[in-house]
Amino acid sequence: MPLLGGVRPPIAALLCVLLVVAAFTALGLGTVHEQDVPQAVRDAERRIAEDAADSVGTSINARAAAVRRAAASATPAGSGAPAAILRSFVPTEHPGQGAALLDPRTGRSLAAGGETVPLTGVDVTSLARPGTANIAPRLASSGSAEPRLLLFARVTVPAPSGKEDDNRDQAGDLAGDQDQDPDERELLLVVSEKVAAPAVFGGGRTGQLVDRNGKVVAAATNAAAAQTAGHRAVPADAATAANAAKAALTTGDAAGSMLGDGADGLRRVTGWASLAAMDGTDDTSDLGLTILTGREVAPAKEGADHTWFAVMAAGALALIAALVTAVLWGTVQRPLLRLHLSAARLARSASGTATAREKLTRPVPVVAFGEIGRVGRALESIRRQLIGETGPELARPQRRPGVRALVLVCALVIAAWGAPLLFLLNRAPADKAIPAVAVADQEARTEAAAERVRRSLDRSHTDLKAVASALSGASRERAAEILRRDRADHPTYRSLYVLDRTGAIALQTGKEPLRTLDHAPAGDGITQVNTSGKIPAIAAYAQVPTAKNDPKDTKDKGPKDAAPAVVVAEIGVDALNELVARPGLGSVWLTDAHHRVLAASVGFQAFQSLPSRGLTRLVTRTDAAPGSAGSPASAVLHAGTATGGGQSVAAAAPLAQTGPAAGLGWRVVSAEPAAALKLAAFQVQARTMLAGLLALSAGVACLGWLHIVVVRPLRALTSCAERLAGGDHRTVLYPVHHDECGSVTRSLELLRQALVERDRGAVSAMARVPVPSSPSGSAP
């Protein structure tokens, strides 16, 4: 019967796996080299560009939605002149903004205000064709003037009733449409704004917004960047980044980084990110804009070369693999196979013919080690019993090391190589391994996260003030409709309600408020409603202006329809969680003035403390004197103080210096594990630990396999063989496995049966021998 499994597979697997681990050690550690600009710095610059693109894109989307919302909610000025209608949508002018009211059929301007709206190259009739959804913003320029962002909205106004109107023909055409009310006509509102420069953080960093042709549309350069970069403040690779962005949209990648040439001992690291969403569904998809950020960094000093260590470690493991395999082959595999053959020969000879029995005269080769030697000596004793040379022999207690001890020694030899790699060698000291530029990038991204939260809160507050203005003088039904529409336009609002002057809720939409304000507050702003509980409650509020009495509406309004005092928007904590979460920033927390967690990118309990004292001390460094906002701070937190129990790069930044959120005292805190940074020292550490772990795992798995299929059955086999050699012919031996141990067990069972037959023959022979009779009358 062929052998299945047995001693050979685990030993062969151990050799192969250890050689694979040795090859991984040589290639994995030998290919890691120190770079003059670490990959972690380039990845951080790409992430910074992505943050800036997200901020600019969110701002453009918010402005486009605000223009549409204003066009949908404002009440046109009756059937007056187009200029009056335009003033009802854009009541005030501010620098850098213009507005125009166009006829969508012809593209003719009916009214304009503010700066001139550049419409050169914009096909208004194509944009505003019937059946199209919201019109996406466009980027337009006029000659040498700065480019302008054009925001569009459809507006419906009363149709002119007088023949003196210059546009009565066009109005009549519009009134003749089947889907158009004869008493209304549709116009196109266009608002032009300056393109805002991207917000950049960190000393020496510049930011540019470039179009699809590589032309810089807007640029932001802080003072530190202007001093350090000089004439290189605006990089010459804007066109390269724009082309890379266009190519990336077809490959699925919307961001990247580039490394420039060195100059004055510095190298420029540039990150780029496209504003366009990959699904092409937002308002920035057709603009073709790309964010370009960059800074100049000092090249890193030449680091250690790990090639020699990799070669030595791999060679040592290969030597250990060969040594362990040779020992196991010479002391376990080869003797066990010889024992299997010897036992099978004895079994065939004992159960065969007389000619076959003559082979029993050939001794069993016995090795002098462990259980295999004991089984061999037991087989030799059984052979001698079968040929009648001796009787049963009792086995002497054996206390010398056996195969199990040998396997344990092999495991210790492998552990002597793997344990130092896993726990001791190539440890990366954080103070030396993490460059200062990586810590500064973590601080800059944390500032960007704080700015993102601030802008979101500011937009919520601004939009709420617009809602408050719309509620002024509105009837109860009209006010409820305004609240429902604004709640639908703002998914970040968990609840939207109004308080009357007594502090009671007059109208409400959305979910039930977590906790309402105790009284109607004065002024406008954002407040933290609770300081304890399961869910933080954050609310923006705005005063509803008192409406002027209109003689036409006085008779239709009662006391219950009077304008409410304050409109309140409860901002959901889920929205804050999404704002602080950014890829590559690690764990991020939003804390209140007492450094308790309000929102986070990871799981948390409301109002809990930060997860480590190191983070709390870092946040304390951002505090400042009363009346000031504080300044950001960053540090490398060592093992035992950072999240995850290892080294991490942490930063904290105050939420806002101005605006409605300035008085909250909130902070944004982040911590990124140092091992997650693509730094050569940490890559070597991780691969060294992985090599040690693989070697230990391979040794435990293969030697444990050997212990299960060979050592443990062999010990049981030894006991059975010695009992059989000692005269126990009653115990039937049952083979369990189809391997060497099972084959020897089957042979022992055949030998036991041969011994039983021999004993029966001896008894029968003794029974046939006549007993001599004694003389009569004499004693026996």
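Visitor: Which element gives the largest share of the lining of the second largest pocket?

Guide: Helix H2 does, with 8 residues. Before we go on, this is a predicted model, where local features need pLDDT of at least 70, side-chain atom pairs count only at pLDDT 80 or more, and totals for chains, interfaces and linings use all residues. Residues are numbered from 1 along each chain as its sequence is written, and side-chain values use heavy atoms, leaving out hydrogens and water.

Visitor: What makes a residue part of that lining?

Guide: A lining residue has an atom within 4 Å of a point of the space; the points sit on a 1 Å grid over the protein atoms alone, and a pocket is an open set of them with protein on both sides within 12 Å along at least five of seven lines. The second largest pocket holds about 990 Å³. Of its 32 lining residues, the closest to the centre are Ser456, Arg459, His490, Pro491 and Thr492. By class, 11 are nonpolar, 9 polar and 12 charged (Asp, Glu, Lys and Arg are charged; Ala, Val, Leu, Ile, Met, Phe, Trp, Tyr, Cys and Pro are nonpolar; the others, Gly among them, are polar).

Visitor: What makes a space a cavity?

Guide: In a cavity, a 1.4 Å probe fits but cannot get out. By this rule there are 2 cavities of 30 Å³ or more. The largest has a volume of about 130 Å³, and among the residues closest to its centre are Asp51, Phe201 and Ala448. Helix H13 gives the most to this lining, 5 residues. The second largest cavity has a volume of about 40 Å³; H17 gives the most to its lining, with 3 residues.

Visitor: How do you know whether Glu186 is buried, exposed or partly exposed?

Guide: Buried means under 20% relative accessible area, exposed over 50%, and partly exposed in between (1.4 Å probe, protein chains only). Glu186 has 25%, so this residue is partly exposed. Glu186 is found in strand S5 (residues 184–194).

Visitor: What makes the pair Glu186 and Arg154 a polar contact?

Guide: The rule asks for a pair of N or O atoms within 3.5 Å; within protein, one must be able to donate a hydrogen and the other to accept it, and residues adjacent in sequence count only if both atoms are side-chain atoms. The side chains of Glu186 and Arg154 make such a contact, at 3.4 Å.

Conventions. Helices (H or I, at least four residues) and strands (E, at least two) are DSSP runs, numbered from the N terminus. Grid points are joined across faces, edges and corners, and a volume is the space filled by probe spheres set on the points.
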